[in-house]
Amino acid sequence: PDRDGGRMSPVRIGIVGVNGSGKTTWLRLLHGDVKPDSGRVKRGKTLRIGHLSQDVAELRGAERVLESVDRLRRQAQLASGAEVSASSLLEDFGFTGDRLTTRLDDLSGGERRRLQVLRILLNEPNVLLLDEPTNDLDIDTLTVFEDYLDTWPGTLLVVSHDRYFLERVCDTIY
């Protein structure tokens, strides 16, 4: 809450810069994947980070789409407070019919990216670190993702070259 006891607006920051300038390394440092050369990164006890990296290699194997999501969580609470099933979210993200039983190894790059986004959201983070989140996403999925972020109450740090996405979901761009 702010000083007046009201609810603070979520922080939504976009980061742009030339390739190789350290944007991804900075997100990895915040997430804890990389250790600082000096000093330390201090994280609060209630911090729950969701990190959407550029790498989708974690989504490999014989496991099926629905199994990979159910294993994480069968129900999730949306920012609105409403409970939603994992299968309902899968449908919102374009996984219906035969695609629910597709092996992770058989997903296209775009499907893998959509599943990666969905799995992060199911963990109900209070901070989202998004590294080039629009890579491999189609317009329909981007719309669902943007709409979800509109009501998402947490802190958002986005690294992207997609100016439209940054202007759509961020309040401040550096």
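**Exercise 1.** Locate W152 among the elements of this predicted model, and decide whether W152 is buried or exposed.

*Solution.* Begin with the elements, where helices (H or I, at least four residues) and strands (E, at least two) are DSSP runs, numbered from the N terminus. W152 lies in the loop that links α5 (139–151) to β6 (155–159). Next, take the accessibility classes, in which buried means under 20% relative accessible area, exposed over 50%, and partly exposed in between (1.4 Å probe, protein chains only). W152 counts as buried because its relative accessibility is 4%. Finally, the C-alpha atom of W152 is 10.0 Å from that of V127, a residue 25 positions away along the chain.

Residues are numbered from 1 along each chain as its sequence is written. Because the model is predicted, local features need pLDDT of at least 70 and side-chain atom pairs count only at pLDDT 80 or more, while totals for chains, interfaces and linings use all residues, and side-chain values use heavy atoms, with hydrogens and water left out.

**Exercise 2.** Describe the setting of S53, and state which residues S53 is in contact with beyond its neighbours within four places in sequence.

*Solution.* S53 sits in the loop between β2 (49–52) and α2 (65–70). With 17% relative accessibility, S53 is classed as buried. Setting aside neighbours within four places in sequence, S53 is in contact (heavy atoms within 4.5 Å) with R113, Q116 and D131.

**Exercise 3.** Find how many helices and strands the protein chain has, and what share of its residues is buried.

*Solution.* The protein chain holds six helices and seven strands, and of its 174 residues, 37% are buried.
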